[in-house]
Amino acid sequence: MSALAYPTGSEVIQMLTDAMERAKDGSDKGIRSIHMPMKRKLEALEAASPMVAREMVRDAVKHLKVSSVKGETWYQYFRAVRSWSRYANAMCIAHFPIDTTELEGYVSLHTNADTAECSLSALEKVQRYLRIDSRLRTKGVQEAIKGIRREQKATHKMDPITSQLLDKILADTKFSTPSKSLLREFNALAVLSYVFLLRTNNEALPLCRGLETDAPHSALHDVKTSKRHSSVFRFQQELHIVLASRKSKQSGEVLTRGCTCKATTVTVGWRSMCPVHYLWPFIQNTTEPGRRVFQLTYPIVLENVKLKADRHQKPVIGWGTHSFRRGAAHDINDENPDLGVLLRAGSWTSGTFKEYIDWSKVQHKGMTQVSAVTDE
């Protein structure tokens, strides 16, 4: 099949949009019906001509591929398709199948390695839907991403999203994707990242709901042996997050946060989103055991962090998802002069923590405490 036989980016988006609409009410049509036994489906194929039979099967396969991903997630893939299509038009090349040599140039335009990775994943998913070879991560593409990662500015240098700004972000109902469920996901993700001081992209976003058998004394061992990314579960009055590995702890770590309902009378903002009585019910109601909690993609999260934060406070350096972790570190340091509390909260084992806070304030606190000591 020649490249001209493949659809353009805009045609792919329209195909997926139509498929999602059909998937909403098309599960009982033709051989896709879950109520039709295999025998009758085979009889229907035998009764049709070979060409019609193949079309019926192709339609069923496409339906299942679309149904395998939540509808909101497909909308997030559209952004990557549109971006690649604009690049392809500028270069005067075919949109699909993607030429991996041309893809190196497109990837090189990204300024964030994680965003580039997410764009690649979306394009691979679309090519699989089109039944095209989806192996896009060639050596050249991977080298381009490594180069971006080396040159991009350190994430911990982002401006901090502190408690007050986080409340404004949570109250902001504007969202780049027209989906209330994704807005709720974003808010839950923001609070989890802040309260647990998680790295949003590789710790919070891939979080998985725990299995029914997960328990505090064995969860870390079970997560590592089953090769899971993580496990989130409630035990008594605590929410547990078990990570198979972290940047600072390759051996993994167990994080816990208790119920905060009695600690505050606030009914809005992040303080009202108790880990036990708000975040855990949210996870229970939206996620099956062992499945990922969030369907959001990193580019969507990053875009909305920047848009929402910028609407309420102009940055000095810039906003990023790491702003949640840095903001939590700032707030803990401002509330508690004990550095041990800060180090434990962020799981820091090196001097890196100094780059998350205003070190001059810490030194000032220390000298103030020393000068306050009197002879007895």
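A: **A close look at one helix**

Helix α9 covers residues 180-195, which makes 16 residues. At 1.5 Å a residue, it should span 22 Å, and the C-alpha atoms at its ends lie 23 Å apart, which agrees. The expected span is 1.5 Å times one less than the number of residues. Helices here are DSSP runs of H or I with at least four residues, strands are runs of E with at least two, and both are numbered from the N terminus.

A word on the source. The model is predicted, so local features need pLDDT of at least 70 and side-chain atom pairs count only at pLDDT 80 or more, while totals for chains, interfaces and linings use all residues. Residues are numbered from 1 along each chain as its sequence is written, and side-chain values use heavy atoms, with hydrogens and water left out.

Now the setting. The chain has 16 helices and 3 strands. It holds 376 residues, and 45% of them are buried. Buried means under 20% relative accessible area, exposed means over 50%, and partly exposed lies in between (1.4 Å probe, protein chains only). Of the contacts in the chain with a separation of 6 or more, 64% join residues 24 or more positions apart. A contact means heavy atoms within 4.5 Å.

Is α9 enclosed or open? Of its 16 residues, 13 are buried, so α9 is largely enclosed by the rest of the structure.

One of its partners is helix α12, residues 275-286. The two axes come within 11 Å and cross at roughly 135°. That angle makes α9 oblique to α12. Axes are lines fitted to C-alpha atoms, for helices over the stretch in contact, and angles run from 0 to 180 degrees between N-to-C directions. Under 35 degrees counts as roughly parallel, over 145 as roughly antiparallel, 65 to 115 as roughly perpendicular, and the rest as oblique. The crossing of α9 past α12 is left-handed. Left-handed means the near helix is turned anticlockwise from the far one by less than a right angle; clockwise would be right-handed.

Which residues touch? From α9 come R184, E185, A188, V191, L192 and V195, and from α12 come P275, L279 and F282. This contact contains 7 nonpolar residues, no polar ones and 2 charged ones. Ala, Val, Leu, Ile, Met, Phe, Trp, Tyr, Cys and Pro count as nonpolar; Asp, Glu, Lys and Arg count as charged; the others, Gly among them, count as polar.

Next, the residue that comes after the helix. α9 is followed by L197, with a positive phi near 50°. L197 is not a glycine. It sits in the loop between α9 and α10 (200-204). At a relative accessible area of 2%, L197 is buried.

For comparison, look at K227. It also has a positive phi, about 60°, and is not a glycine. K227 lies in the loop between α11 (219-225) and β1 (230-235). With 78% relative accessibility, K227 counts as exposed.

One more loop feature deserves a look. The peptide bond from F96 to P97 is cis, with omega near -5°. P97 belongs to the loop between α4 (71-91) and α5 (100-108). P97 and R131 are 34 residues apart in sequence, yet their C-alpha atoms are 9.8 Å apart in space. R131 is in the loop between α6 (113-129) and α7 (139-151). Its relative accessible area is 56%, so R131 is exposed.
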